[in-house]
Amino acid sequence: MGGGAAPGRRRGARPAAPTRHPRDGNHPLRVAVAGGGPGGLYAAALLKRLAPDRQVTLWERNAPDDTFGFGVVLSDETLGGIEHADPVVHAALERDFVRWDDIDIVHRGIRHTSTGHGFAALGRHRLLEILHERCRGLGVELRFRSEAPHPDRLAREYDLVVAADGVHSTTRSAYADVFRPHLTPHRCRYLWLAADLAFDAFRFEIAETEHGVMQLHAYPFAPGASTVIVEMREEVWRAAGFDTMSEEESVECCAKIFADALGGRPLRGNKPAWTAFRTVVTERWSHGNVVLLGDAAHTAHFSIGSGTKLAVEDALALAACLEEQPSLEEALAAYEKERRPVVASTQRAARASLEWFEDLARYLDQPPRRFAFNLLTRSRRVTHDNLRLRDAHFTAAVEREFGCPPGTPPMFTPFRLRGLTLRNRVVVSPMDMYSAVDGVPGDFHLVHLGARAMGGAGLVMTEMVCVSPEGRITPGCAGLYTGRQTEAWRRITEFVHTGAPGTAIGVQLGHSGRKGSTKVMWEGMDEPLPDGNWPLVAASPLRYRPESQIPRELCRAHLTDLREQFTAAARCAARAGFDLLELHCAHGYLLSGFLSPLTNRRTDAYGGTLERRLRFPLEVFDAVRSVWPGERPMTVRISATDWAEGGTSAEEAVEIARAFAAHGADAIDVSTGQVVADERPEFGRSYQTPYADRIRHEARVPVIAVGAISSWDDVNSLILAGRTDLCALARPHLYDPHWTLHAAAEQGYTGPGAVWPAAYRAGSRRPRTGRTDAPRPRLTLGS
């Protein structure tokens with residue numbers, strides 16, 4: 001929509017300062033809008049309504065009745081914003097909305113329905129008609145079948161240029177060096193169609209064909225009409241022959257594949273074309289007096305129904321900021337500041353959703369209701385607690401199928417690892433405390449780990465405990481290489497077993513490798529010690545940071561010595577009374593350094609292919625497993641991605657997990673990153689859990705998920721959806737040592753999965769605060 005490139009333009013040229021009307025600042029009087037989709041039209045209407053003396057001109061290359069796609073879904077939140085900003089548009093939309101509450105998931109002939117979701121949709125063509133009428137009524141000049149002038153010209157001739165020209169934005173391309181767009185292609189093809197029937201729910205249907213898995217997304221948008229989107233992986237699309245079919249043949253084939261859902265009715269399209277979705281992210285949204293809006297600035301996958309919603313909300317925010325701010329520059333900055341975090345959150349959810357559908361085949365063998373729950377919670381925006389409030393009956397059925405006893409949240413179900421049964425699914429994640437003296441844990445560790453053990457978690461993990469003095473990260477790191485250290489750890493494990501009966505305590509064994517001999521975290525994380533340094537060793541002689549020490553590459557004799565250090569530490573850990581042992585093969589420490597191609601440049605039998613890079617970590621694992629008591633479980637922590645080009649891939653992470661499982665690992669603790677200093681993590685809520693999910697389903701091994709899991713609702717959601725078996729939380733346990741017990745209290749759970757210490761039972765209810773339920777005045781008398 002909109003836009004058009006002029007020959008001979010200067011790429012990235014700064015728009016010229018516009019000619020200003022005496023009334024300028026936050027009230028630009030001449031506004032150009034490129035693109036006549038919902039976002040551009042609504043922005044034009046709002047800007048004209050807020051300042052009737054504005055001249056607002058909109059260009060759209062298509063005819064007024066041309067549109068792509070069929071139905072548009074808007075949330076109650078978006079509609080509330082429209083109602084406050086423009087009641088006329090809101091009233092018109094309300095007259096045409098189709099509303100429903102249910103989601104149907106059909107898989108292997110079984111349909112499960114979840115209710116209470118609340119959708120509102122109407123035809124895209126009708127939405128555009130409403131916005132056309134509103135714009136004309138307000139005096140916006142609409143120029144259809146007309147390419148917008150080049151952005152340079154618009155910027156010279158108008159006070160404000162709103163670029164709403166879509167995913168293929170000409171404006172964004174014209175100033176690409178300023179907006180710095182990043183376009184990410186994805187692995188599915190989809191076709192946007194319609195059916196002449198009104199589904200009574202948002203319907204997801206899965207077809208397992210001889211060519212692979214295909215899925216249907218469908219929803220009503222008018223009486224007797226529904227949007228139907230057919231989607232599949234690129235390789236499935238090709239195998240089915242869609243790449244060589246005509247448009248008509250593709251539409252007919254899709255109707256046959258989903259004939260049961262359609263009741264044998266045909267599908268229809270509007271110049272349908274198979275499309276591969278691309279996520280657009282731009283580093284800046286404005287340039288001089290030019291601002292991006294909607295798909296020109298950002299895209300989010302259709303599976304969470306967000307494209308039109310985001311564009312309309314952009315328009316609302318832009319208009320509000322222009323009214324509130326004293327200058328155009330400040331208004332555009334405020335608009336971006338307000339919208340960027342909202343859009344980023346939506347894009348994270350959309351990416352999680354689209355990747356779930358890309359990997360749909362992974363979940364096909366889940367029990368039917370669990371599959372449905374997994375689909376409903378795929379974006380992490382709908383959660384276990386949220387879904388329970390919407391549809392308690394459906395959620396309770398999923399819990400029964402999972403095996404939850406009545407009144408038991410999923411997080412408080414037990415889990416067995418070898419001879420150890422954990423009473424719940426919560427793990428206190430390993431957290432370096434840097435508070436040991438000569439490797440000996442002291443009173444601080446007793447209080448720290450003891451408090452968290454009494455806090456109700458099923459498993460409490462130590463920090464990384466180092467296998468030698470040279471294997472420490474900092475002088476404050478704890479160890480297990482002397483008898484004194486062993487006895488100090490025994491004091492802690494005995495306290496946990498007696499003071500918090502039912503809680504297990506595990507030890508994480510590791511060696512710092514090239515990341516050792518540094519200051520404690522609060523004095524300068526990863527910074528070398530100013531003096532008293534010890535020599536470092538690693539898979540290859542590569543320093544971690546430019547100022548870091550260069551480690552010595554380990555030779556065969558040194559590898560043997562290191563393996564013995566790990567087995568000696570494991571024997572000490574067994575004598576100290578630990579219930580579980582975890583081998584630390586993550587975060588760029590010694591064993592992790594062998595696994596990553598970015599840190600292992602060896603040319604011998606321990607470098608090169610993944611099989612060779614795995615060799616030494618597996619040798620250490622086997623040696624430790626041989627001395628660790630057979631009934632006690634062993635886990636392995638890995639970095640499933642290095643967050644850096646050329647590093648460990650997700651596919652390799654699955655193979656690494658398979659290898660350790662084949663050698664006897666009882667679970668894989670799935671973390672990410674911290675392998676190279678120039679990593680670029682994609683932070684966000686539960687951002688590492690998709691890696692655990694993939695390993696669990698593809699390697700068929702129990703997993704521990706970790707990474708910004710912050711609420712008990714997240715834990716319940718991840719466990720019930722089958723994305724993980726255990727959840728490890730770090731910072732929440734620093735904030736609240738009794739996090740697990742408080743989670744039980746907040747959910748009204750009092751069963752065996754969360755037992756309060758006898759001395760603490762009086763505190764198992766939230767303390768009362770000041771009265772907040774005072775009667776409200778029934779009558780107010782005038783003076």
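Leaving aside neighbours within four places in sequence, Leu 509 is in contact (heavy atoms within 4.5 Å) with Met 464, Val 465, Val 467, Leu 480, Phe 566, Ala 569, Ala 570, Leu 581, Glu 582, Leu 583 and His 584. The model is predicted, so local features need pLDDT of at least 70 and side-chain atom pairs count only at pLDDT 80 or more, whereas totals for chains, interfaces and linings use all residues. Residues are numbered from 1 along each chain as its sequence is written, and side-chain values use heavy atoms, with hydrogens and water left out.

**Nonpolar cores**

- Leu 509 is, with Leu 480, Phe 660 and Ile 695, one of the residues that touch the most other members of the largest nonpolar core, which has 120 residues; such a core is a set of buried Ala, Val, Leu, Ile, Met, Phe, Trp, Tyr and Cys residues joined through side-chain atoms within 4.5 Å.
- Helix 19 (residues 556-576) gives the most to this core, with 9 residues; helices (H or I, at least four residues) and strands (E, at least two) are DSSP runs, numbered from the N terminus.
- Apart from this core lies another, of 70 residues, among them Ile 82, Tyr 158, Leu 293 and Ala 331.

**Helix 13 and Gln 366**

- Helix 13 (residues 368-376) is mostly covered, with 7 of its 9 residues buried, where buried means under 20% relative accessible area, exposed over 50%, and partly exposed in between (1.4 Å probe, protein chains only).
- Gln 366, in the loop between helix 12 (328-358) and helix 13, is buried as well, with a relative accessible area of 10%.
- The side chains of Gln 366 and Asn 374 are joined by a polar contact of 3.0 Å, that is, a pair of N or O atoms within 3.5 Å of which, within protein, one must be able to donate a hydrogen and the other to accept it, residues adjacent in sequence counting only if both atoms are side-chain atoms.
- Asn 374 is itself among the buried residues of helix 13, and a polar atom of the Gln 366 side chain also lies 2.9 Å from the backbone oxygen of Ala 721.

**His 445**

- His 445, in helix 16 (residues 443-454), is buried, with a relative accessible area of 1%.
- The side chain of His 445 makes a polar contact with that of Glu 463 (3.1 Å), and, not counting residues up to four places away in sequence, His 445 also touches residues including Met 433, Trp 489 and Ile 492.
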